[in-house]
Amino acid sequence: MRTKLTHLLLVLLSAAVLSSASIAAPGAHGPNGEHLDAPGGASASGLARLPDGSVNVPKQAQRRMSIRTLMAEEAEHPLTVELNGRVGIDPNAGGRVQAPFAGRIEPGPKGLPVAGQRVEKGQILVHVRPTAGAIERGNQQAQLVEIQSNRRLAEQRVKRLESLEGTVPQKEIEAARAELASLTGRERAVSRSVAGNEAITSPASGIVATANVLNGQVVETRDVLLEIVDPNRMIVEAVTTDVSLAGRIMNASLAGSEGVELTYLGGARSLRDGALPVTFRANAKNVPLAVGQPVTVVAKLTDKVKGIALPAEAVVRNQNNESIVWIKSGSERFIAQPVEFKPLDAKTVVVVKGLSPENRVVVSGTALINQIR
């Protein structure tokens, strides 16, 4: 009987010891010094950065994060370069309105145009009334009075000769009519310079990019009044220090602007500030471009580079600011791999170092995996 009681007490004591170990008091340590009351390494969702730097992502989390992978394939791709460029006016689709002479600005039939307003080719935009000094203006008025007097005498002479038609030579009548026409034209021209104005029309259809006119403003000859642009047709001028690059460009695109199509027009044959300008025509579809806007041109060359093409979003930066991609090494495990890459176009890069053709690379949701800590 005593033996059975002793055995029962030992069993109860062992259960108590195990229970106290499973519910450790705050600050309790295990045999290796670990905190028994510390939370587990994995989070409740299963997302965790493992000690070796890899990341654990459960299948359900992968679906929520829209993780997509791609088997890396090595091939030859056209080499690309990035060029700094600037948007300008297409000379065949826009225009510049300048003052033909010194004068004062007056509004057109629809008022003075403002920036952003649409205008049509041939539309009267402004009127310029000529201005002159007091002495010059006085001379013009005196000349106008003299011309008007001569015109009236010429009219009387023509009427007199026409009444004597048949008795005077026809050539005298024609000479008198020609003189009258000449004086009438001179009077019209001089009177316009004294009291008239000049209608300035739009050289192209498009949008007013800049407007430097106010009612009553006095302008000088060749002052820029307005600039008209076609928002769907612009010019992009990029520069490069490599003079041989102009002959190796196949096509190009704008970085960050998917709706813009660039057509390569050619490169200049003279340097500007130590760089060679190369020109592209930009056909923009629902993508706003402004004159003078700085852009980055990704030019595709005839040169080839061997590597693995990936979407640009597949490459991210780690904590050391290194370029990395994430490789799927298991059903739920992803490993960060440092790589070297070159831009292929506005949306694609080519990895030239760091990947092998057997790697399965994350191409969608890379930024979300990179944020897991």
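Colleague: What does aspartate 345 count as, at 26% relative accessibility?

Modeller: Aspartate 345 counts as partly exposed. The cut-offs, with a 1.4 Å probe and protein chains only, are under 20% relative accessible area for buried and over 50% for exposed, with partly exposed in between. This is a predicted model, in which local features need pLDDT of at least 70 and side-chain atom pairs count only at pLDDT 80 or more, while totals for chains, interfaces and linings use all residues. Residues are numbered from 1 along each chain as its sequence is written, and side-chain values use heavy atoms, with hydrogens and water left out.

Colleague: Where does aspartate 345 lie?

Modeller: In the loop between strand 21 (340-343) and strand 22 (348-353). Helices (H or I, at least four residues) and strands (E, at least two) are DSSP runs, numbered from the N terminus.

Colleague: And which residues is aspartate 345 in contact with, leaving aside its neighbours within four places in sequence?

Modeller: Thr80, Ser253 and Val298, where contact means heavy atoms within 4.5 Å. Threonine 80 is 265 residues away along the chain, and its C-alpha atom is 6.9 Å from that of aspartate 345.

Colleague: What share of the chain's contacts with a separation of 6 or more comes from residues 24 or more positions apart?

Modeller: Such pairs account for 73% of those contacts. The chain has five helices and 23 strands. Of its 373 residues, 33% are buried.

Colleague: Salt bridges next. How many does the structure hold?

Modeller: There are 11. The criterion for a salt bridge is a side-chain nitrogen of Lys or Arg within 4 Å of a carboxyl oxygen of Asp or Glu.

Colleague: What does arginine 281 form a salt bridge with?

Modeller: With aspartate 90, at 3.3 Å between the closest N and O atoms. Arginine 281 is in strand 16 (residues 276-284) and aspartate 90 in the loop between strand 4 (74-89) and strand 5 (95-98), so the pair ties together parts that are 191 residues apart in sequence. Aspartate 90 is buried at 1% relative accessibility, whereas arginine 281, at 21%, is partly exposed. Asp90, Arg233 and Arg281 are linked in a network of salt bridges.

Colleague: How far apart are the closest N and O atoms of arginine 151 and glutamate 155?

Modeller: They are 2.7 Å apart, in a salt bridge. Both residues are in helix 3 (residues 134-163), and because they are four residues apart there, about one helical turn separates them. Arginine 151 is buried at 15%; glutamate 155 is partly exposed at 29%.

Colleague: What about arginine 151 and glutamate 187?

Modeller: Their side chains also meet in a salt bridge, with an N to O distance of 2.3 Å. This pair links distant parts of the chain, with arginine 151 in helix 3 and glutamate 187 in helix 4 (residues 170-195), 36 residues apart. Glutamate 187 is buried, with a relative accessible area of 14%.

Colleague: Switching to threonine 366. Buried or exposed?

Modeller: Buried, with a relative accessible area of 2%. Threonine 366 lies in helix 5 (residues 366-370). Apart from neighbours within four places in sequence, threonine 366 is in contact with Glu313, Ala314, Val316 and Trp326. A polar atom of the threonine 366 side chain is 3.3 Å from the backbone oxygen of valine 362.

Colleague: Pockets, then. What volume does the largest pocket have?

Modeller: About 170 Å³. On a 1 Å grid over the protein atoms alone, a pocket is an open set of points with protein on both sides within 12 Å along at least five of seven lines, a cavity is a set of points where a 1.4 Å probe fits but cannot get out, and lining residues have an atom within 4 Å of a point. Grid points are joined across faces, edges and corners, and the volume is the space filled by probe spheres set on the points.

Colleague: Which residues lie nearest the centre of the largest pocket?

Modeller: Arg49, Gly53, Asn318, Trp326 and Ala336, out of 15 lining residues. Strand 20 gives the largest share of the lining, three residues. By class, the lining divides into four nonpolar, six polar and five charged. Ala, Val, Leu, Ile, Met, Phe, Trp, Tyr, Cys and Pro count as nonpolar, Asp, Glu, Lys and Arg as charged, and the others, Gly among them, as polar.

Colleague: Which residues line the largest cavity?

Modeller: Lys110, Gly111, Pro113, Gln117, Gln123, Ile124 and Leu125. The largest cavity holds about 40 Å³ of space, and its lining has three nonpolar, three polar and one charged residues.

Note on methods. A polar contact is a pair of N or O atoms within 3.5 Å; within protein, one must be able to donate a hydrogen and the other to accept it, and residues adjacent in sequence count only if both atoms are side-chain atoms.
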